[in-house]
Amino acid sequence: MISADEEVDMIRIYVLAEDYAGYNSPFWAQHGISFLIEVKLNGVRRRILFDTASYSEPILFNMRILGINPKTIDMIVLSHNHFDHTGGLLGIMKEIDRKVPIFAHPNIFKVSFAIEPEFTYAGPPLGKRTREEAERLGGTWILSRDPVYLMPGVFTLGEIKEEEKVDFERETTTSLYKLKDGKIMKDSVEDEIGLGITTKKGLVIISGCSHPGIVSMMHKAIKISGHETYAVIGGFHLINADKERIQNTVKILKDLGVRKIYTGHCTGLKAESIFLEEYGVRGFRKLHSGMVIDLPRP
Ligand SMILES: [Fe+2]
Ligand SMILES: [Fe+2]
């Protein structure tokens, strides 16, 4: 029986795509996130590709330098519909070249856009044709609003419902809109799902952009697994947030006992500097392409 109670032995996360290349690094940066998450449990190894950034080429380039064969990817999780998390999907699937499940929210194919300062298409590059093309390449879509268990100790968070959100995260930090039945309405990015992994030191939470709010996503992961949080990894979308919201977020993460923060992408310099100040260099790391994260750390 698969459950969130099981603790995995080891996680290794390869950062295949990030907005920052790192200092003196041979890796390519691009806008977006892509992580290869390697999970080991009882001698079994599974490789989960979490998001596919904007383009596949820099991801495949970085994989070559890291010595990772795309054919070793067992499953794909797409965090939400935005192009900087889904754009590389088909290019990578061509290289995987075998059957893989793709886990996502049923609204991943919706049309969304920003209208300030001008119209910008946010996503997805996925449409009916992309959906079919992914199937032709061997993908099976597992579209679920509910949490899904990928293997013992590893689960998606499912949709973060409005009533599950903490008050200060109800208002999104992005001015995004979506089309629904020909009507334009505010987009809370309800399709964003994260990943939770239970380890001996506690939960590791992996997030793409954290549009529903990283604190609300953490609460959901804690509720599903019953574990405290050890590490949080991904973009926190605080780039447009005011200082109060940033300070609130950092304080709650600290109060909830989070010991390791790995962030970048849409978190923004202001929030990153506050995390660094609060967590120091032992607890905070800025993500960059090519980074390899082993957890839990001694
Ligand atoms: Fe993003
Ligand atoms: Fe996003």
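Donors are the N, O and S atoms within 2.8 Å of the metal, and water is not among the atoms, so a site may look incomplete. In this predicted model, the donors of the iron ion (ligand 1) follow the spacing D-H-x123-C-x55-H along the chain.

**Iron site**

- The iron ion (ligand 1) is coordinated at 2.2 to 2.3 Å by Asp84 through OD, His85 through NE2, Cys209 through SG and His265 through NE2.
- The arrangement around the iron ion (ligand 1) is irregular, because its four donor atoms subtend angles of 88 to 163°.
- Since Cys209 sits in the loop between β14 (202–207) and α5 (214–225), and His265 in the loop between β16 (260–264) and α7 (269–283), the pair ties together parts that are 56 residues apart in sequence.
- Both Cys209 and His265 are buried.

- Seven aromatic pairs are found in the structure, among them the stacked pair of Phe35 and Phe50, with 6.2 Å centre to centre and 20° between the planes.
- Phe35 belongs to strand β2 (residues 34–41) and Phe50 to strand β3 (residues 44–50), so this pair ties together parts that are 15 residues apart in sequence.
- Phe35 counts as buried at 0% relative accessibility, and Phe50 counts as buried at 0% relative accessibility as well.
- One aromatic cluster is formed by Phe236, Phe275 and Tyr279, and Lys254 lies over the face of Tyr279, at 5.8 Å from the ring centre.

Technical notes: Residues numbered from 1 in each chain as written. Chains lettered and ligands numbered in written order. Predicted model: local features only at pLDDT ≥ 70, side-chain atom pairs only at ≥ 80, totals over all residues. Heavy atoms only, no water. Donors = N, O, S within 2.8 Å, 3.2 Å for Na, K, Ca; no water. Tetrahedral: all angles 85-135°; square planar, octahedral: opposite > 155°, others 65-115°. Helix = DSSP H or I, 4+ residues; strand = E, 2+ residues; numbered from the N terminus. Buried < 20%, exposed > 50% of the residue type's maximum accessible area, 1.4 Å probe, protein only. Phe/Tyr/Trp six-rings, centres within 6.5 Å; stacked < 30°, edge-to-face > 60°. Lys NZ or Arg CZ within 6 Å of the ring centre and 35° of its normal.
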